[in-house]
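Welcome, and please open your viewer for a short tour. We will start with the whole chain and then pick out single residues.

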Amino acid sequence: MKNALLAIPGLTLAAALAEGILLLQVHLDPWRLAALLESLALLLGVFVAFTYTDFIHQLRKWAHDSFLLAILMPFTLLVPYLILAHYTGTFSYQALAKLSGYIAVPTFLLLPNRVYYTEGASWRDFAAVLSLGLPVSAGWLGGIWIWPEDIYIFRPIFCVCVAAYAFLVVRNLKDAGYKLLFKTGDLTEGSINFIAFFLLAIPLGLALEFIHPHLRYVNVFAFVANFVGIYLTVAIPEEFLFRGILQNLLVKTFKPPHHGRNGLLVASVIFGLSHLHHAPVPNWRYAIMATLAGIFYGNAWRVQKRTSASAFTHALVDTVWHFWF
């Protein structure tokens, strides 16, 4: 618990340093900039804290012992928005209502599991997963963190924090493997699944006319920067939802001996279908390729039981696609 809580002041200090550097380079209102960086530091602090088992255990104990605390605790995630909105003059009741609803729906759906734990999934689990994923796909959380412009990074970080509270704390879901830092096994398994995916994906993508290879020089800094951005804002959120939560639940729900395989395949198909909304709608080519990718992401998670492994594969795929396909 102590290490988890240290993440917040540590990131706050980093935010203060970042503010000083930015103020030397650009002309922005220092109070507004401070509010932006502190809001991001607070969210990132919680984002990191949920990777610590003792932090989750403490929140779970409080939620188990007090129905009121179980309801109120996730709404502290509104504090970063309120800080930013107040000091930048961008407060909106509509934005506050969207964020509150996004917190409330999965939390209230899973409250019965706060005391009565079940291993397998119920309709409430799938409804909660839908309530976490649909608003993101539909773009309902846009236009909330809007100074100095609509800032994307707040959305995935906020969504992961809500999902972590709902499923890891209230639902008491085990074996989700929500991790950010790599272990050697994550890198090895992630790389193997990346290579295996591309051996199949390149001929399939060409046949479907989904990919269009092109050669270009990319420096190491640009590749690493793009990889890190995708890893934190795309790969980790999607892998936590589709593998750490959905595939995990499906594996626990299907009967042995093929529960692992069936859970992986069903989660991969759902992952693929979640890409149909991309233009041109319905984008069935994207859905097919994403389903195939989901199989290899899911396999990396299955072997390591860590989102850092599947997210490593995911971020590599998206980065290579971004630059060369």
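Helices (H or I, at least four residues) and strands (E, at least two) are DSSP runs, numbered from the N terminus. Colour the protein chain by these elements and read along the sequence: the pattern is α-α-α-α-α-α-α-α-α-α-α-α-α, with 13 helices and zero strands.

A note before you zoom in: this is a predicted model, where local features need pLDDT of at least 70 and side-chain atom pairs count only at pLDDT 80 or more, while totals for chains, interfaces and linings use all residues. Residues are numbered from 1 along each chain as its sequence is written, and side-chain values use heavy atoms, leaving out hydrogens and water.

Next, select all C-alpha atoms of the protein chain, which fill a box of roughly 55 × 55 × 40 Å along the principal axes.

Of the 325 residues, 48% are buried (under 20% relative accessible area; exposed is over 50%, partly exposed in between; 1.4 Å probe, protein chains only).

Then select lysine 61, in helix 3 (residues 53-65). Is lysine 61 buried, partly exposed or exposed? Lysine 61 is partly exposed, because its relative accessible area is 48%.
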